[in-house]
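Hi everyone, thanks for coming.

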Amino acid sequence: MKKLILLSVLGSFVLQVRAAVFTSSASGPWNVGTTWGGLCAASCVAGVDYPGINDDATILSPHLVTQLVSNISVNNFTINSGGRLTSTRQVNIYGNYTLNGIENGAHTIKLLGTVGALVSGTGSLSNGGDLH
């Protein structure tokens, strides 16, 4: 009986991944926390110090965010008017993509969202790579 109760209690808990919302607070590298308002300046952690695969990210005006070292993976991604992303690495977007600013560089953009994910905006995309 004790085992049954314990299994019932354990079975009622659901592991949830909590997404964070990151908004740029300065120009700088994608993978540095100070770009997103945090204190981390080195050895930063995706999803904690800067946007990761489950997180939403917005680049505000007049911020220029660069990514030259590793791929970007993010849920919903917005570049506001006046904001800019320059990357030479792959950008994986698993949710909605709103481009009202500028995205440029020689990189691949992969739109990996589920059915119903939106791509919108009036911005500029100048890309020497691929768009999937």
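Before we look at the sheets, here's a rule we need: two strands pair if DSSP finds at least two bridges between them. And the strands themselves, like the helices, are DSSP runs numbered from the N terminus, with at least two residues (E) for a strand and at least four (H or I) for a helix.

A bit of housekeeping. This is a predicted model, where local features need pLDDT of at least 70, side-chain atom pairs count only at pLDDT 80 or more, and totals for chains, interfaces and linings use all residues. Residues are numbered from 1 along each chain as its sequence is written, and side-chain values use heavy atoms, leaving out hydrogens and water.

Okay, so what's in the protein chain? One helix and 13 strands. Of the 132 residues, 30% are buried; buried means under 20% relative accessible area, exposed means over 50%, and partly exposed is in between, using a 1.4 Å probe and protein chains only. The chain exposes about 7,600 Å², and carbon and sulfur atoms supply 58% of that. Those areas come from the Shrake-Rupley method with a 1.4 Å probe, and for residues, only the protein chains shown count as cover.

Now the sheets. In general, strands of a sheet pair through backbone hydrogen bonds, either parallel or antiparallel. Which order do the strands take in the open sheet of three? It's β5-β8-β11, and the pairing is parallel. At the edges we have β5 (72-74) and β11 (109-111), each with a single partner strand, so one side of each has no neighbour in the sheet. Strand β8, residues 91-93, is joined to β11 by three bridges. One to find on screen: Ile 93 has Leu 111 in β11 as its bridge partner.

There's also an open sheet of five strands, in the order β2-β4-β7-β10-β13, again with parallel pairing. Here β2 (28-29) and β13 (124-127) are the edge strands; each has a single partner strand, so one side of each is left without a neighbour in the sheet. Two bridges hold β2 to β4, residues 64-67, and Gly 28 has Val 65 in β4 as its bridge partner.

Ala 20 sits in the loop between α1 (2-11) and β1 (21-23), and it counts as partly exposed because its relative accessibility is 24%. What does Ala 20 touch, leaving aside its neighbours within four places in sequence? Asp 55 and Asp 56, where contact means heavy atoms within 4.5 Å. Ala 20 and Asp 56 are 36 residues apart in sequence, yet their C-alpha atoms are 6.4 Å apart.

Most residues other than glycine have a negative phi, and most peptide bonds are trans. Ser 43 isn't a glycine, but has a positive phi of about 55°. You'll find Ser 43 in the loop between β2 and β3, and it's exposed because its relative accessibility is 76%. Then there's the cis peptide bond from Ser 61 to Pro 62, with omega near 0°; Pro 62 is in the loop between β3 (56-59) and β4.

Last stop: how many disulfides does the structure hold? One, a disulfide being a pair of cysteine sulfur atoms within 2.5 Å. Cys 40 and Cys 44 form it, with their sulfur atoms 2.0 Å apart. The link of Cys 40 and Cys 44 is left-handed, at -110° about the S-S bond, and both cysteines are buried.
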